[in-house]
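Welcome! Take a moment to look it over before reading on.

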Amino acid sequence: MVARYSDTWGKRETGRRDVDADELAFGLRTRTMGSTFIIELHGELDMLAYQELSPRVRALACPAAHDVIMDLRAVTFLDAGGIRLLLAVREHVALQGGELRLVRGIPRVWKVLRIVRVDRAFTVLDALPPALLGVDAARRDDRTSA
């Protein structure tokens with residue numbers, strides 16, 4: 001299985017004069033592995049993250065991937081803006097006929113989702129499925145052996 005990566009962490013213009021891309025405290029990385037589309041989020045998911053990332057998530061071309069996984073393991077902060085982003089992604093995926101699953105993040109991030117009872121709106125995984133981990137491990141081995 002071949003993985004395709006799109007890494008946009010800190011590498012794009014924000015379109016805003018008051019925020020430089022290097023100052024953003026969040027990022028998005030996508031990859032497609034077979035019929036699974038993975039969205040990896042990192043950093044602080046707040047209202048600015050919602051404003052910057054939600055249009056990009058809606059623009060993602062993943063019509064063949066009905067299985068979408070959003071990985072929250074690298075998210076360090078989550079507030080109402082971040083929750084709004086997660087719900088927007090869920091709605092976007094559902095409109096395309098897909099299913100969104102979340103990979104559980106750190107305890108303090110997950111606690112926010114539990115307190116507002118949004119965790120019930122998602123299928124939750126403790127880690128990426130083993131079949132997807134095997135591809136990641138092989139990719140890491142290729143990079144370290146070079």
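This is a predicted model: local features need pLDDT of at least 70, side-chain atom pairs count only at pLDDT 80 or more; totals for chains, interfaces and linings use all residues.

Helix α3 spans residues 107-115, and the largest nonpolar core has 29 residues.

- Three residues of α3 are buried, namely Val109, Trp110 and Leu113.
- As a general rule, an α-helix has 3.6 residues a turn, so residues three or four places apart point the same way.
- On the face turned away from the buried side, you will find the exposed residues Pro107, Arg108 and Ile115.
- The buried residues of α3 are covered by elements including β4 (67-78), α2 (80-95), β5 (99-103) and β6 (123-125).
- After α3 comes Arg117, which has a positive phi, near 60°.

**The largest nonpolar core**

- Within this core of 29 residues, Ile39, Leu41, Leu45, Met70 and Leu72 have the most contacts.
- At least two core residues come from each of β2 (26-33), β3 (36-45), α1 (47-59), β4, α2, β5 and α3.
- Helix α2 gives the largest share, with six residues.

- Beyond its neighbours within four places in sequence, Leu41 is in contact with residues including Gly27, Leu53, Asp71, Val75 and Leu86.
- Another core, of seven residues, lies apart from the largest one, and among its members are Ile38, Val103, Leu125 and Leu128.

Methods. Residues are numbered from 1 along each chain as its sequence is written. Side-chain values use heavy atoms; hydrogens and water are left out. Buried means under 20% relative accessible area, exposed over 50%, partly exposed in between (1.4 Å probe, protein chains only). Helices (H or I, at least four residues) and strands (E, at least two) are DSSP runs, numbered from the N terminus. Contact means heavy atoms within 4.5 Å. A nonpolar core is a set of buried Ala, Val, Leu, Ile, Met, Phe, Trp, Tyr and Cys residues joined through side-chain atoms within 4.5 Å.
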